[in-house]
Amino acid sequence: MNTSERERGWCESCGDARLPGENCAPDDPLCSECGRTLKPLRNMTRTERSRLAFLDWQDDIYKRGLWGPSPGGAAADLGCDRSMIDKLAGMGVLEKNIYERDGHYVVMISDRSIKKAKENKKKTGKWTDSGEG
């Protein structure tokens, strides 16, 4: 089965959606990690769908270079108050990424924007390169 024909399936053992192994029969997809049978995504439970949505969000954030700590972690890293993180995110200095689904709420501040704010603070004494903040 070639890659374009393979569809992700849910592996209950791994707790993630995976492509079937390359040598699997199309009617018996097996997890490429653990070798167990993959469940079609359309047959997932609500909890599995929620987990997959969160994992897909995390994967997207990571691939776009937006991975980082929580706002509290960013405040600790920058050595400022938590309220300053919201202010800097509102000004566009910090990249804030929010996941909100099924009653779950997760916020990440990108490592790259934290690094840039630190560089600005070191150079200009301010969090921004414009002299604001």
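This is a predicted model: local features need pLDDT of at least 70, side-chain atom pairs count only at pLDDT 80 or more; totals for chains, interfaces and linings use all residues.
Visitor: What makes up the protein chain in terms of helices and strands?

Guide: The protein chain contains four helices and five strands. Along the sequence they follow the pattern β-β-β-α-α-α-β-β-α.

Visitor: Why is Ser-50 called buried?

Guide: The term buried applies under 20% relative accessible area. Ser-50 has 15% relative accessibility, so it counts as buried. Ser-50 lies in helix α1.

Visitor: Which residues does Ser-50 touch, not counting residues up to four places away in sequence?

Guide: Ser-50 touches Tyr-99 and Asp-102. Contact here means heavy atoms within 4.5 Å.

Visitor: What makes β1 and β3 a pair of strands?

Guide: Two strands pair if DSSP finds at least two bridges between them. Two bridges join β1 (residues 9-11) to β3, and these strands run antiparallel. In one of the bridges, Gly-9 has Pro-40 of β3 as its partner.

Visitor: What is the strand order of the open sheet, and which strands are called edge strands?

Guide: The open sheet has three strands in the order β2-β1-β3, with antiparallel pairing. The edge strands are β2 (16-18) and β3 (39-40), as each pairs on one side only. Helix α1 (residues 46-63) packs on this sheet and touches β1, β2 and β3. The direction of α1 makes about 105 degrees with that of β1.

Visitor: How do you know that the buried residues of α2 line one face of the helix?

Guide: In α2 (residues 71-78), the buried residues are Pro-71, Ala-74, Ala-75 and Leu-78. Viewed down the axis of α2, they fall within an arc of 100 degrees, so they line one face of the helix. These buried residues pack against α3 (82-91), β5 (104-109) and α4 (111-124). Just after α2, Gly-79 takes a positive phi of about 70 degrees.

Visitor: How does the radius of gyration of the protein chain compare with that of a compact globule?

Guide: For 133 residues, a compact globule would have a radius of gyration near 14 Å, but the protein chain has 20 Å. The C-alpha atoms fill a box of roughly 60 × 30 × 20 Å along the principal axes.

Visitor: What share of the residues counts as buried, and what area does the protein chain expose?

Guide: Of the 133 residues, 33% count as buried. The protein chain exposes about 8,300 Å², and carbon and sulfur atoms supply 45% of that area.

Key. Residues are numbered from 1 along each chain as its sequence is written. Side-chain values use heavy atoms; hydrogens and water are left out. Axes are lines fitted to C-alpha atoms, for helices over the stretch in contact, and angles run from 0 to 180 degrees between N-to-C directions. Buried means under 20% relative accessible area, exposed over 50%, partly exposed in between (1.4 Å probe, protein chains only). The arc is that of the directions from the helix axis to the C-beta atoms. The radius of gyration is taken over C-alpha atoms; the globule rule is 2.2 Å times the number of residues to the power 0.38. Accessible areas come from the Shrake-Rupley method with a 1.4 Å probe; for residues, only the protein chains shown count as cover.
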